[in-house]
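Please look over the model shown here before reading the briefing. The notes are arranged by topic and are meant to be read alongside the sequence and the coordinates.

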2 protein chains.
Amino acid sequence: MTTRAVFFVSDQTGVTAETMGHSLLTQFEGLDIRAATLPFVSSIDKAEEALRKIHAAGEESGLRPIIFGTLVQDEVREVFKRSDVLFLDFFDAFVGPMERELGTRSTHSAGRAHGMADSAAYATRIDATNYALANDDGSNRDYGRADVVLVGVSRSGKTPTCLYLAMQYGVFAANYPLTDEDIESNRLPQALQAHRQKLYGLRIAPGRLQQIRQERRPGSRYASTAQVQFETRAAESLFQRHGIASLDTTECSIEEISARILEATGIERRVRP
Amino acid sequence: MTTRAVFFVSDQTGVTAETMGHSLLTQFEGLDIRAATLPFVSSIDKAEEALRKIHAAGEESGLRPIIFGTLVQDEVREVFKRSDVLFLDFFDAFVGPMERELGTRSTHSAGRAHGMADSAAYATRIDATNYALANDDGSNRDYGRADVVLVGVSRSGKTPTCLYLAMQYGVFAANYPLTDEDIESNRLPQALQAHRQKLYGLRIAPGRLQQIRQERRPGSRYASTAQVQFETRAAESLFQRHGIASLDTTECSIEEISARILEATGIERRVRP
């Protein structure tokens with residue numbers, strides 16, 4: 001099979017182009033691609049330099065390269081539009097319909113998204129990230145400031161979910177790992193009692209949890225079938241007994257867990273991407 | 001001014017639709033919007049329910065709602081395409097040209113991006129996040145496994161950048177904060193000497209650093225003009241003396257710092273979004 005050259009080209013970081021392109025590419029099965037990101041393509045010169053790299057890759061593969069673009073400036077987009085690559089740029093596709101709908105011209109200027117233009121939102125995300133780090137894993141317990149406190153057994157996905165909620169949405173998320181003592185008593189841990197309405201449980205299937213723990217501490221009691229089954233059952237019973245809403249994370253990515261928590265709890269995003 | 005209702009509609013988390021929509025909306029100045037995300041719209045029923053919410057918001061504002069969509073399934077997209085909203089869906093815009101170029105039909109199936117289909121990539125991101133947490137702030141110092149070790153003074157952006165590099169790109173990033181002792185000696189810290197080729201410096205303007213530190217510890221020596229100027233100058237001199245590539249983070253978001261580090265160092269993304 002021949003490899004197709006794919007490029008994500010942006011006048012900024014390229015993250016949106018990568019995300020967009022990746023979502024589309026996963027819709028085509030058995031596609032053999034070689035992908036590269038060309039960020040900060042913010043002038044005609046840089047666009048022409050990028051196009052040289054793209055052409056070289058195209059010649060090497062013998063197939064027409066595919067470019068996913070997020071290029072704000074018309075004159076930079078033109079460089080790719082005039083070329084013979086397949087150029088899929090989402091400003092190109094959507095700015096026109098938006099201008100017609102809104103009855104105004106767009107600014108066509110680079111450096112807005114992912115910049116620091118909205119510095120209040122940016123500060124919120126950093127604050128939320130610091131909050132998640134300080135209130136991770138039962139440390140600190142400054143739950144008065146939390147939007148949500150995730151509860152679950154060790155390795156149910158609490159820490160990465162808190163970090164993602166902070167960085168993506170500016171949401172203040174703490175997490176509390178259920179200790180052996182919490183689990184054996186079936187009581188709501190003391191530290192959580194005043195914050196019951198903020199609690200959200202993460203569940204996980206014992207088989208999957210055991211797999212994760214085995215990778216971390218092979219052959220340990222922590223990763224044993226008995227321990228994993230005991231903990232997952234006890235956590236579920238604790239959630240039920242105390243009316244704590246919860247989510248089965250077994251088949252979910254961190255992005256999905258985070259979005260489902262916001263959807264289920266109605267917690268407002270403090271910032272948008 | 002009248003508020004325009006904007007919705008980000010997705011059969012998955014909605015993050016791509018939010019990012020796409022936000023990038024486009026920032027191109028229009030003075031726009032007054034009210035935005036909401038409707039994730040997991042993965043069936044005709046859910047699409048019709050979403051459309052009812054959208055219509056209600058449109059009637060309230062008196063303006064046609066704008067929908068940014070990432071809906072894979074044709075029949076779900078049809079619900080919005082048949083309606084009277086402005087529907088900007090990026091599968092709708094780009095799947096056709098990609099099918100023609102690739103000469104194959106797309107699968108049109110939901111649940112691929114942000115799912116756990118590519119579980120190796122997913123595990124890499126989680127591993128990288130755990131690595132960043134364990135090797136944050138000079139702790140642990142398992143730099144043999146690092147792709148990059150960020151060096152800088154306190155509050156120059158090291159920790160959030162390491163977390164972002166891990167979660168977004170699966171890159172293993174540690175960070176080392178320059179201590180007073182490191183700064184006074186102008187020597188490369190012992191712990192870093194064996195990993196010089198992995199070091200990358202974060203610089204920051206003294207005024208901005210002082211502002212950040214003032215918010216954290218108002219009136220402290222840590223936030224004083226003298227201390228901040230001393231540290232920023234000493235860090236810059238250390239980077240120069242030891243030939244450590246560095247970036248001025250003063251005007252950069254975490255996304256931009258991360259993308260610029262990858263661009264400057266040539267470190268490969270271990271995963272794509």
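What follows is a short briefing on chain contacts, a helix crossing, backbone geometry and domains.

This is a predicted model, and the features described here should be read as properties of that prediction. Its two chains, A and B, touch through 57 residues of chain B and 57 residues of chain A, and helix H1 of chain A and helix H1 of chain B come within 10 Å of each other, axis to axis.

**Contact between the chains**
- The side of chain B that touches chain A draws at least two residues from each of H1, strand E3 (66–70), strand E4 (86–89), helix H4 (90–102), helix H5 (119–134), H6 and helix H10 (254–265) of chain B.
- Sorted by class, the residues on that side of chain B comprise 29 nonpolar, 18 polar and 10 charged.

**Crossing of the two H1 helices**
- Helix H1 of chain A and helix H1 of chain B each span residues 15–25, and their axes cross at roughly 135°.
- The crossing in which H1(A) passes H1(B) is left-handed.
- On H1(A) the contact is made by Thr16(A), Thr19(A), Met20(A) and Ser23(A), and on H1(B) by Thr16(B), Thr19(B), Met20(B) and Ser23(B).
- By class, this contact of H1(A) with H1(B) contains two nonpolar and six polar residues, with no charged ones.

**Positive phi in chain B**
- Phe40(B), although it is not a glycine, has a positive phi of about 60°, and Phe40(B) sits in the loop that runs between strand E2 (33–38) and helix H2 (44–61) of chain B.
- Arg155(B) counts as buried because 23 C-beta neighbours lie inside 10 Å.

**Domains of chain A**
- Chain A is divided into domain 1, covering residues 4–102, and domain 2, covering residues 119–265.
- The C-alpha centres of domain 1 and domain 2 of chain A are 39 Å apart.

Notes
Residues are numbered from 1 along each chain as its sequence is written. Chains are lettered from A and ligands numbered from 1 in the order in which they are written. This is a predicted model: local features need pLDDT of at least 70, side-chain atom pairs count only at pLDDT 80 or more; totals for chains, interfaces and linings use all residues. Helices (H or I, at least four residues) and strands (E, at least two) are DSSP runs, numbered from the N terminus. A residue is buried if 20 or more other C-beta atoms lie within 10 Å of its own, exposed if 12 or fewer, and partly exposed in between; C-beta atoms are placed from the backbone. Axes are lines fitted to C-alpha atoms, for helices over the stretch in contact, and angles run from 0 to 180 degrees between N-to-C directions. A crossing is left-handed if the near helix is turned anticlockwise from the far one by less than a right angle, and right-handed if clockwise. Two residues are in contact if their C-beta atoms, placed from the backbone, lie within 7 Å. Ala, Val, Leu, Ile, Met, Phe, Trp, Tyr, Cys and Pro count as nonpolar, Asp, Glu, Lys and Arg as charged, and the others, Gly among them, as polar. Domain bounds come from an automatic or database domain assignment.
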